[in-house]
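This report covers salt bridges and strand pairing. The sequence and structure follow.

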Amino acid sequence: MPRRSPRTLRATAPDSRSDRTTSTLLIGTCPGPPVCAAVHTYLFVDGLDLVARSDSGMAGLDPRQLLRPGGPLHPTDMPHSADVATGEQPGSAPDPLTIRVRLRGETVIWSDLMYPGPDGTTVEEVRFRLDRYLGEIERAYAALPQPRSGGRPLPPG
């Protein structure tokens, strides 16, 4: 193999394939009334609202249901289906928006997706780095206001 000059080595862009194949997740929540009908979760994948781009008539499920420790978004070695949204309006589509979540090594994979990406192509699968993914779920869950009952916090559940 011929040796390359230092100038050629410096001019070559680093291999960033791993950065291009992993996505970023940002989780937001809507507090419910009076802003909207109910408390729900926003799931932004690479800056795109997954729920709105999949079906504009849907809203993410309650964040306490989705983000709780061991909840549907937590990855396991065995793939599992996770409902992430349902019809926002009465009489809207009865089928929930469901994704497959699985863990492969240090990568979390969401599959069974079907939404338009930023370039117009259909996004069918996204991958996240495990540490960043779990960190975002924990951050969003910790940011939720604690429910109160009679002036005392509700027990975890």
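Is Asp 131 buried, partly exposed or exposed? Asp 131 is partly exposed, its relative accessible area being 47%. Here buried means under 20% relative accessible area, exposed means over 50%, and partly exposed lies in between (1.4 Å probe, protein chains only).

The model is predicted: local features need pLDDT of at least 70, side-chain atom pairs count only at pLDDT 80 or more, and totals for chains, interfaces and linings use all residues. Residues are numbered from 1 along each chain as its sequence is written, and side-chain values use heavy atoms, with hydrogens and water left out.

**Salt bridges**

A salt bridge is taken as a side-chain nitrogen of Lys or Arg within 4 Å of a carboxyl oxygen of Asp or Glu. By this rule there are three salt bridges.

| Salt bridge | Closest N and O atoms |
|---|---|
| Arg 127 and Glu 125 | 3.0 Å |
| Asp 131 and Arg 129 | 2.9 Å |
| Glu 136 and Arg 139 | 2.6 Å |

In the pair formed by Arg 127 and Glu 125, Arg 127 is partly exposed at 27% relative accessibility, and Glu 125 is partly exposed at 36%. Arg 129, the partner of Asp 131, is partly exposed at 36% relative accessibility.

Glu 136 and Arg 139 both belong to helix α5 (residues 130–142), where they are three residues apart, about one turn of the helix. Glu 136 is buried, with 10% relative accessibility, whereas Arg 139 is partly exposed at 39%. Helices (H or I, at least four residues) and strands (E, at least two) are DSSP runs, numbered from the N terminus.

Side chains alternate along strand β10 (residues 126–129). Two strands count as paired if DSSP finds at least two bridges between them. Strand β7 (residues 107–111) pairs with β10 in the antiparallel sense over four bridges. Within this pairing, Phe 128 of β10 is the bridge partner of Val 108.

**The three-stranded sheet**

An open sheet is formed by three strands in the order β1-β2-β3, with antiparallel pairing. β1 (25–30) and β3 (48–49) stand at the edges with a single partner strand each, so one side of each has no neighbour in the sheet. β1 and strand β2 (residues 40–45) run antiparallel and are joined by six bridges. Opposite Cys 30 stands His 40 in β2.
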